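Take a look at the structure first, and then we will go through it topic by topic.

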Amino acid sequence: MESVTKNRQNSDTIRKMADKIFSPLKLKDYKELTEGYFNIAYEAELSNGMKTILKIAPSKEVKVMTYEKNIMYSEVQAMKIVKEKCNVPVAEVYGYDDSCTICSSPYFFMEKINGKSLNSIKETLTPEQIDNIYCETRQDNPFCKQYFVSLLWLSRAARLSGVKLVFCVL
């Protein structure tokens, strides 16, 4: 999907990003993933054969909706919370860099999970199957069901206003 928010990077920059997160491993190869709508994403293969996903936020010069500002930070935090608190498979975040020293935008590397995205197979599913998938991801996950959306929006609001939130679940 083409979008003005996709912040493509050259191979030298992508290599430097991988070096920062995975040193002493080196970037062996990478390819752009084209399914997403907002961030640019690459599948990256490292010198040890491990495959990982690199996501890069839009450039700061690109105008986005207020709630989309710093959305990568919220995504990384949400992934960490869900991985810790819920019984839902979530990719491990290997490294997040918002220093903008290598690239003009924040980026992160995460675990590559094999499979197909819901978006890519949705047209082959019945509405009942889709509803079941949504219900299954909430089932037996009271933390996710009750708090996840609230935490995500609180995190975004805090980031936009410069407030640092600390989440504590008792």
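Rings of Phe, Tyr and Trp (its six-membered ring) pair if their centres lie within 6.5 Å; planes under 30 degrees apart count as stacked, over 60 as edge-to-face and the rest as tilted. Searching the whole structure this way gives 5 aromatic pairs. Please keep in mind that this is a predicted model, where local features need pLDDT of at least 70 and side-chain atom pairs count only at pLDDT 80 or more, while totals for chains, interfaces and linings use all residues. Residues are numbered from 1 along each chain as its sequence is written, and side-chain values use heavy atoms, with hydrogens and water left out.

**Overall layout**

- The protein has 5 helices and 5 strands, which are DSSP runs numbered from the N terminus (helices: H or I, at least four residues; strands: E, at least two).
- Starting at the N terminus, the order of elements is α-β-β-β-α-β-β-α-α-α.
- Of the 170 residues in the protein, 34% are buried (buried means under 20% relative accessible area, exposed over 50%, partly exposed in between, with a 1.4 Å probe and protein chains only).

**Aromatic pairs**

- Phe22 and Phe109 make an edge-to-face pair, with 5.0 Å centre to centre and 80° between the planes.
- Because Phe22 sits in helix 1 (residues 11-22) and Phe109 in strand 5 (residues 107-111), this pair ties together parts that are 87 residues apart in sequence.
- Both Phe22 and Phe109 are buried.
- The ring centres of Tyr30 and Tyr42 are 5.6 Å apart and their planes are at 85°, so this pair is edge-to-face.
- Tyr30 belongs to strand 1 (residues 27-33) and Tyr42 to strand 2 (residues 40-46), 12 residues apart.
- Tyr30 is partly exposed, with a relative accessible area of 25%, whereas Tyr42 is buried at 4%.
- Ring pairs also join Phe22, Tyr94, Tyr107 and Phe109 into a cluster.

**Nonpolar cores**

- A nonpolar core is a set of buried Ala, Val, Leu, Ile, Met, Phe, Trp, Tyr and Cys residues joined through side-chain atoms within 4.5 Å.
- The largest nonpolar core has 14 residues, and those touching the most other members are Met17, Tyr42, Leu54, Ile56, Tyr107 and Phe109.
- At least two residues of this core come from each of helix 1, strand 2, strand 3 (51-56) and strand 5.
- Another core, of 12 residues, lies apart from it and includes Ile53, Cys86, Phe108 and Met110.
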